[in-house]
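These are my notebook entries on one protein model.

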Amino acid sequence: MGFRLPRLTRTSSSKGVNYVPKGYVAVYVGEKMKRFVIPISFLNQPSFQDLLSQAEEEFGFNHPMGGLTIPCTEDTFENITSSFNGC
């Protein structure tokens, strides 16, 4: 018997704040840099790739938070990622 991880979560884990499960990646979003842990399958979605392009333009490859920094509001990020069916 196993457990299913949510598709999109704010980071909170009994294993520690910096824990990222296998198959997931940490991203930081919004002005307050909220940390989300998302499935790596999101990286293949065209709308997420648009966000990654914007992140590259704004931040280059320097992500001082230790994860990807996405330049959009938290609400926009949640709306975009909630539309990824079957991921």
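Entry 1. I looked up T81 and found T81 in helix 2; helices are DSSP runs of H or I with at least four residues, strands are runs of E with at least two, and both are numbered from the N terminus. T81 counts as buried because its relative accessibility is 1%. Here buried means under 20% relative accessible area, exposed means over 50%, and partly exposed lies in between, with a 1.4 Å probe and protein chains only. I also noted that a polar atom of the T81 side chain lies 3.4 Å from the backbone oxygen of E78.

Entry 2. I noted the basis of the values: the model is predicted, local features need pLDDT of at least 70, side-chain atom pairs count only at pLDDT 80 or more, and totals for chains, interfaces and linings use all residues. Residues are numbered from 1 along each chain as its sequence is written, and side-chain values use heavy atoms, with hydrogens and water left out.

Entry 3. I then asked how helix 1 and helix 2 pack. Their axes are 9 Å apart, at an angle of about 150°; axes are lines fitted to C-alpha atoms over the stretch in contact, and angles run from 0 to 180 degrees between N-to-C directions. The contact (heavy atoms within 4.5 Å) is made by S47, F48 and L51 of helix 1 and by F77, I80 and T81 of helix 2.

Entry 4. I looked up the largest nonpolar core and found 12 residues, including F48, L51, I70, F77 and I80. Such a core is a set of buried Ala, Val, Leu, Ile, Met, Phe, Trp, Tyr and Cys residues joined through side-chain atoms within 4.5 Å. At least two residues of this core come from each of strand 2 (24-29), strand 3 (34-39), helix 1 and helix 2 (74-82).

Entry 5. I examined L52, which is placed in helix 1 (residues 46-59). L52 counts as partly exposed because its relative accessibility is 25%. Leaving out residues up to four places away in sequence, L52 touches L43, L68 and I70. The C-alpha atoms of L52 and I70 are separated by 6.9 Å, although these residues are 18 apart along the chain.

Entry 6. Finally, I recorded the whole protein, which has 2 helices and 4 strands. Along the sequence, the pattern is β-β-β-α-β-α. Of the 87 residues, 31% are buried.

Conventions:
Polar contact = N/O pair within 3.5 Å; in protein donor to acceptor, adjacent residues only side chain to side chain.
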